[in-house]
Amino acid sequence: MTDTSPSTPPLLIIGAGLAGWTTVREFRKLDTTTPVVLVTADSGDFYAKPTLSNAYAQKRTPAQLVSTPAAKMAETLNVTLLARHQVQSLDTAAQRVIVTHNGQAQTLHYSRLVLATGAQPIRVPVDGNAANQVKSINNLDDFGSFHASLGLDPCATQPSLPKTVLIMGAGLIGCEFANDLVLAGATVHLVDPSPRPLALLLPAEAGEQLQAALQALGVVWHFGTTVTAVDGAEGNLNVQLADGSVIAAHMVLSAVGLRADTALASAAGLVCERGVVVNDMLQTSAPNVYALGDCAQYASAGERTLPYVMPIMNAARALASTLAGTPTALVFPLMPVSIKTPALPIVVASAHPAVAGAWKAGDGEGIWQFTDSEGTQRGFVLTGTSTARRMEQSKATQP
Ligand code: FAD
């Protein structure tokens with residue numbers, strides 16, 4: 001095993017998703033000289049992960065989703081990039097990590113370490129001889145293999161050969177994929193134990209609007225049930241539901257949720273709960289180790305994970321400033337999320353789950369406001385043309 005022990009260990013970042021790369025970009029605006037090493041298990045190519053669930057609508061292939069190749073990112077930001085390198089372990093006392101690449105291990109030392117390891121798809125147990133054919137899409141590699149297996153052409157002028165995709169989970173990602181795939185000519189079945197889509201996020205009427213809009217495009221809903229077994233062979237699957245129905249599908253996509261990837265951190269003894277626990281300076285329980293992005297549980301968000309883009313942008317700016325020598329506490333503004341369902345565009349600003357309150361219809365079509373027990377607006381949902389009222393509703397909302 002090689003041991004790279006420079007006299008001044010670098011700032012080391014693990015993960016080349018939005019959190020890792022945005023931290024580097026923000027840091028370089030403030031500090032152009034401190035050595036930075038970025039280690040990542042993937043290719044390191046820069047892409048916006050949200051585009052995975054509307055690539056067909058945008059007529060983009062997996063390769064076209066890469067906005068900047070890894071080598072260009074590394075050159076522009078003056079970073080040593082170790083792509084396709086897996087960090088195996090972290091020793092916070094010695095301030096070093098062990099990394100493997102092509103079967104070779106090496107030790108890297110750090111002055112400060114940033115964990116930006118993201119989240120992993122939750123897998124629900126499913127029976128059947130083809131249970132291993134259930135796919136999840138959480139990165140560009142996943143999307144590339146899904147895209148190749150499905151054989152739908154995003155650039156086709158006519159919808160391609162009909163394919164049937166069954167999606168497990170009618171949350172944000174499941175509904176976005178359903179909309180995108182149905183527009184590309186696929187037949188889509190969506191299965192969820194809830195009574196309607198996005199049941200945890202939206203008031204009932206907004207969920208029903210989305211249900212009707214996607215149904216009008218051809219999405220077939222299966223509410224109040226779950227997938228119990230997947231049998232058959234690749235491209236020719238029989239999906240058994242708990243309500244007794246059996247659906248023939250070319251592919252099964254699981255979109256039942258993500259869980260913060262805390263594997264490395266918890267093995268190193270860092271405090272982890274729903275994510276790697278960080279204080280409002282984004283510091284973990286270990287000295288000189290920070291975390292942000294989908295892997296982090298933020299004190300600044302009331303001990304929540306916030307697996308969205310805007311929290312990453314805010315966290316990366318604050319962390320870069322701290323790393324560059326100006327300690328900066330993270331304060332999240334209100335961060336509404338746009339749901340990419342063109343059948344019914346939706347904007348959601350959720351209140352903290354601990355805030356007791358209720359949804360009420362607002363002053364117009366497609367507006368709901370979440371008010372607490374004192375009558376203060378703490379969140380909102382806008383659908384359809386009312387999404388244009390995002391600024392006005394944001395001003396009226398107390399985060
Ligand atoms: P990731 O992008 O998961 O990056 C994690 C990185 O860590 C990867 O590079 C991985 O290789 C690396 N890594 C992990 N462990 C190791 C290790 N041991 N060694 C080396 N490298 C390691 N958010 C929105 O706000 N709006 C949207 O519309 C939206 N749409 C979405 C659609 C989809 C389909 C998905 C999946 C998510 C969507 N999100 C959306 C969420 C948003 O994309 C994520 O919050 C964000 O991309 C997470 O970035 P990240 O850098 O924290 O994690």
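## A salt bridge between R84 and D141

D141 is partly exposed, with a relative accessible area of 42%. In this predicted model, the side chain of D141 forms a salt bridge with that of R84, at a distance of 3.1 Å from N to O. R84 is likewise described as partly exposed, its relative accessible area being 43%.

The two partners come from distant parts of the chain, 57 residues apart. R84 is found in the loop between β6 (80-82) and β7 (86-91), whereas D141 belongs to helix α3 (residues 140-150).

## Further salt bridges

Side chains of opposite charge can pair when their charged atoms come close. Over the whole structure, the search finds seven salt bridges. One of them joins the side chains of E176 and K340, at 2.8 Å from N to O. K340, at 23%, counts as partly exposed.

D363 and R389 form another salt bridge, with their closest N and O atoms 3.0 Å apart. D363 is in the loop between β26 (357-361) and β27 (367-372), and R389 is in the loop between β28 (377-383) and α8 (390-395), so the pair connects parts 26 residues apart in sequence. D363 is exposed, at 56% relative accessible area, while R389 is partly exposed, at 22%. Salt bridges with shared partners join D363, R389 and E392 into one network.

## Domains and their interface

The domain assignment divides the protein chain into domain 1 (2-120 + 258-323), domain 2 (123-254) and domain 3 (345-395). The centres of domain 2 and domain 3, taken over C-alpha atoms, are 28 Å apart.

Contact between these two domains involves seven residues of domain 2 and seven residues of domain 3. About 660 Å² is buried between them, and carbon and sulfur atoms give 72% of this area. On the side of domain 2, L201, P203 and Q209 lose the most area to domain 3, together 59% of what that side buries. The residues of domain 2 that touch domain 3 comprise five nonpolar, one polar and one charged.

## The surroundings of T262

T262 is located in the loop between β20 (258-260) and α6 (263-267). Its relative accessibility is 17%, so T262 counts as buried. Leaving aside residues up to four places away in sequence, T262 touches C272, G275, V276 and C295.

Key
Residues are numbered from 1 along each chain as its sequence is written. This is a predicted model: local features need pLDDT of at least 70, side-chain atom pairs count only at pLDDT 80 or more; totals for chains, interfaces and linings use all residues. Side-chain values use heavy atoms; hydrogens and water are left out. Domain bounds come from an automatic or database domain assignment. Contact means heavy atoms within 4.5 Å. Buried area is the accessible area (1.4 Å probe) that two parts lose on being put together, summed over both. Ala, Val, Leu, Ile, Met, Phe, Trp, Tyr, Cys and Pro count as nonpolar, Asp, Glu, Lys and Arg as charged, and the others, Gly among them, as polar. Helices (H or I, at least four residues) and strands (E, at least two) are DSSP runs, numbered from the N terminus. Buried means under 20% relative accessible area, exposed over 50%, partly exposed in between (1.4 Å probe, protein chains only). A salt bridge is a side-chain nitrogen of Lys or Arg within 4 Å of a carboxyl oxygen of Asp or Glu.
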